[in-house]
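Subject: Structure for you, with notes

Hi,

Here is the structure I promised to pass on. Please open it alongside this email.

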Amino acid sequence: MSTHVAEQAVPVRTVEVRSPSPAREAGQVIRAVLHIVFWSAALLGASWKHAQRDAAAGKPGATPADEVAFRDLASDDQRIYRNALEGLVEAEDARSRDKAWPTVEALAARRIPPFAPDPLDRGAYAWKRLEAGGLVNYVGTPGASGHPTFLVVALEPQPGEPADPQAVVDETHHRLADGTMIHVSIWIGGASPSAPIAQPAYEDGWRRVTMGTR
């Protein structure tokens, strides 16, 4: 007698697997980016608040009293500072080429900011050059109220002064095309000087603008 084993049918379920649509994938990427941006901003904000508290408390790492950070300047002042940096580079180039610091008129004729007329200059700045020996000042005096005086200082080494082999180009040291290392700085807030000054005094209202962090 033959034995017949009946096979029991097993139900089969079909599952359709679909890849995420482009719109869905884009949404996931955007959400991830937003999370990164949000937490990065939160961390930066926390760091900034700590820096502000340190500055108020006079703790190490705070901006010294005779300096002001670029980020803390008003937007108009930031613009003048950037233009002054550009103008300083052009003046240094002329100094290297012509062996003399250029006049404000010469820079303005070449449309070099901040010396050239600028319709966006709400401070209505008038610039002048003061020079004595290897010291030159470019002074920007505002014609409109509510804007500070700017002072660009460039100081060359004394004749015969040996070059510092450790000196490197940075925020306060620039190298002319002939290799001469000069000391430079941009100041804000004091009264317009009548003679060139190498080290503006904090007591006279001057603060050096700095881009660096400590």
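Below are some notes on backbone geometry and on one strand residue. Keep in mind that this is a predicted model.

Backbone first. Most residues other than glycine have a negative phi, and most peptide bonds are trans. A few places here depart from that pattern.

- Lys99: phi is near 65°, a positive value in a residue other than glycine. Lys99 sits in the loop between helix 2 (75-98) and helix 3. Its relative accessibility is 55%, so Lys99 counts as exposed, the cut-off being over 50%.
- Arg111: phi is positive here too, near 60°. Arg111 belongs to the loop between helix 3 and strand 2. With a relative accessible area of 71%, Arg111 is exposed.
- Pro113 to Pro114: this peptide bond is cis, with omega near 0°. Pro114 lies in the loop between helix 3 (104-109) and strand 2 (125-132).

Now the strand residue. Leu155 is part of strand 4, which covers residues 150-155.

Which residues does Leu155 touch, leaving aside neighbours within four places in sequence? The contacts are Gly134, Leu135, Ile182, His183 and Ala198. Take Ile182 as one of them. Leu155 and Ile182 are 27 residues apart along the chain, yet their C-alpha atoms are separated by 5.7 Å.

Best wishes

Conventions: Residues numbered from 1 in each chain as written. Predicted model: local features only at pLDDT ≥ 70, side-chain atom pairs only at ≥ 80, totals over all residues. Heavy atoms only, no water. Helix = DSSP H or I, 4+ residues; strand = E, 2+ residues; numbered from the N terminus. Contact = heavy atoms within 4.5 Å. Buried < 20%, exposed > 50% of the residue type's maximum accessible area, 1.4 Å probe, protein only.
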